[in-house]
Amino acid sequence: MECFSVYGYAMAVWIPVSVLCVLPFNWFRWAMVAVGFASSGFFIMRSVNQIVSRSNGSLHKAIIPLLLVAHALLVVVFKFKFFSYSVST
C-alpha cells in the first residue's frame, strides 16, 4: 500500500507541468515534460528503493528499473495524448 502512496505523490508534479504546458512553444512543453519525468522519476526511485530494500527477495533489484520504464511509457503517453495540441492563428 505504501508503494501506491509514493506513486501518487510522485504524480503531483504533473499539476504545475500541465499548467505550464499551456504555453504554445513546443520546445518548452518538451522541456517541462522532461523536468516532470526527471523529478517524479527521481522521487519514485528514491522512495521505492527505501521500501524495496527492506525485502529479502531476489526480485527487488529489478523492481526499480521496471518502474522507471513504466513511468517513462506513461510520460510518453502524457506528452502525445495530453500535452499535445496545435495552435491555429
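Here is a short walk through this structure, from its confidence values to a few of its residues.

Keep in mind that the model is predicted. The mean pLDDT of the protein chain is 83, and 90% of the residues reach 70 or more. If you compare the elements, helix 2 has the highest mean pLDDT, at 90, while helix 1 has the lowest, at 77.

Let's start between those two helices. Ala12 sits in the loop that links helix 1 (2-10) and helix 2 (14-20).

Ser40 is 28 residues away from Ala12 in sequence, yet the two C-alpha atoms are 8.2 Å apart in space. Ser40 belongs to helix 3 (residues 26-52). Why does Ser40 count as buried? Because its relative accessibility is 1%, and buried means under 20%.

What surrounds Ser40? Leaving aside residues up to four places away in sequence, Ser40 touches Ala10, Val13, Trp14 and His71. The side chain of Ser40 also reaches the backbone oxygen of Gly36, at 2.7 Å.

One of those neighbours, His71, takes us to helix 4, where His71 is buried along with Ile64, Val75 and Lys79. Helix 4 covers residues 60-82, 23 residues in total. From its first C-alpha to its last, helix 4 reaches 32 Å, close to the 33 Å expected at 1.5 Å a residue.

Methods. Residues numbered from 1 in each chain as written. Predicted model: local features only at pLDDT ≥ 70, side-chain atom pairs only at ≥ 80, totals over all residues. Heavy atoms only, no water. Helix = DSSP H or I, 4+ residues; strand = E, 2+ residues; numbered from the N terminus. Expected span 1.5 Å × (residues − 1). Buried < 20%, exposed > 50% of the residue type's maximum accessible area, 1.4 Å probe, protein only. Polar contact = N/O pair within 3.5 Å; in protein donor to acceptor, adjacent residues only side chain to side chain. Contact = heavy atoms within 4.5 Å. pLDDT = per-residue confidence, 0-100.
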